[in-house]
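Please look over the sequence and the model below before reading on. The text then goes from the whole chain to single residues.

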Amino acid sequence: MTDHTTTHDAEEDARNRDILIYINGTLYPRDEAKVSVYDSGFLLGDGMWEGMRLYDGVWAFFDEHMDRFFDSCYAVGLDVGMDRAGIAEALRLTAEANGMTSDVHCRLMLTRGTKVKPFQHPSLSRSGPTLVIIMEHSKPAEALQAQGIRLASVPQVRGLPHSQDAKFNSHSKLNCVIACLQAEAAGADEALMLDPHGFVNTTNACNFFIIRRGEVWTSTGDYCMNGVTRAKVIDLCWENGIPVFEKNYSLYEAYSADEAFLTGTFGAQTPVASIDGKTIGSGERPLTHRIRTLYKEAIAQDIAARKADQVIA
């Protein structure tokens, strides 16, 4: 295992050195793609983003990602500047310009735009939002499925909704960055973060699940990102007769779990090898593998349905 493994480890792809990046309607070569140092995203982390994956020319679970994106922007008074169709067209143009159809990961980022002065107040952003789309040829490293991720529980916690609601997929990720640094200092790959009451919540980058005696457990969702993949896993469990519970549980239950895995758009379901140096289960992970298979089938169904809709349209 490498010194630092993450759930976003990808196979190397030389094509990414020459990608074109979308900024406010224009495509720039990677080395020329820049935003102002006065941009509110750079100055304050004032912005929202989405991570999506492209399969056979179609963005998986596009509607669910747009629901979260537009809800988040609306909640903080951030004008997207276009509707969903406009976002879809910007994504299409970027993918087409890069010759991308599958095994592609996109980071869609929207900030409040360039400020007239380098201070906090949102009214200082007067030129409209900044929309950036970065797409990379990106295939998750297969080795992760065998070796798993090492987690360390950390002192940095997920905050209360009235502090900074974790449902905002915002550019302001310092809380998670601090947690990641604490995990790294402990010799782990990623951080397992607790909620304000000491219950297991999420990692610094992904949602977290455990499996105990045939049951799938995850947090209540009160303090974690409302992950699209998280929701899909819960739905798939319900639909396929797998007992699943959103509940409070502690490190006690996590340490003695039979299996554990992380969920995220990039890695789908990534197994957890250990928590705080304690090996999780036997390493066989049969239910994790079943859920991963069901998720792949759900992606295929979503892609097929969206392609059918495009034909009808």
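The model is a predicted one. The protein holds nine helices and 15 strands. For a chain of 313 residues, a compact globule would have a radius of gyration near 20 Å, and the value for the protein is 20 Å, so the two agree. Of these 313 residues, 48% count as buried. Among contacts with a separation of 6 or more, 72% are between residues 24 or more positions apart.

Consider next how two of the helices pack. Helix α2 covers residues 62-75 and helix α3 covers residues 84-97; their axes lie 11 Å apart, at an angle of about 120°. Because of that angle, α2 is oblique to α3. The crossing in which α2 passes α3 is right-handed. On the α2 side, the residues that meet α3 are Phe62, Asp63, Met66, Asp67, Phe69 and Phe70, and on the α3 side they find Arg84, Ile87, Ala88 and Leu91. Sorted by type, the residues of this contact are seven nonpolar, three charged and no polar.

Phe61 sits in the loop between β4 and α2. Its phi is near 50°, a positive value in a residue other than glycine. Most residues other than glycine have a negative phi. Is Phe61 buried or exposed? Phe61 has a relative accessibility of 4%, under the 20% cut-off, and therefore counts as buried.

Ile299 belongs to helix α9, which runs over residues 286-312. With its neighbours within four places in sequence left aside, Ile299 is in contact with Tyr55, Ala60 and Phe61. Ile299 and Tyr55 are 244 residues apart in sequence, yet their C-alpha atoms are 8.4 Å apart in space. Ile299 has a relative accessible area of 7%, so it is buried.

Which residues does Asp56 touch, not counting those up to four places away in sequence? They are Thr101, Ser102, Ile303 and Lys307. Asp56 itself is placed in the loop between β3 (47-55) and β4 (58-59). From C-alpha to C-alpha, Asp56 is 9.6 Å from Val104, although 48 residues separate the two in sequence. The relative accessible area of Asp56 is 47%, which means that this residue is partly exposed.

Asp103 is in the loop between α3 and β5 (104-111). The phi of Asp103 is near 50°, a positive value in a residue other than glycine. With a relative accessible area of 34%, Asp103 is partly exposed, whereas Phe61 is buried at 4%.

Note on methods:
Residues numbered from 1 in each chain as written. Predicted model: local features only at pLDDT ≥ 70, side-chain atom pairs only at ≥ 80, totals over all residues. Heavy atoms only, no water. Axes fitted to C-alpha atoms, helices over the stretch in contact; angles between N-to-C directions. Helix = DSSP H or I, 4+ residues; strand = E, 2+ residues; numbered from the N terminus. Parallel < 35°, antiparallel > 145°, perpendicular 65-115°, else oblique. Left-handed = near helix turned anticlockwise from the far one by under 90°. Contact = heavy atoms within 4.5 Å. Nonpolar A, V, L, I, M, F, W, Y, C, P; charged D, E, K, R; others polar. Rg over C-alpha atoms; globule rule 2.2 N^0.38 Å. Buried < 20%, exposed > 50% of the residue type's maximum accessible area, 1.4 Å probe, protein only.
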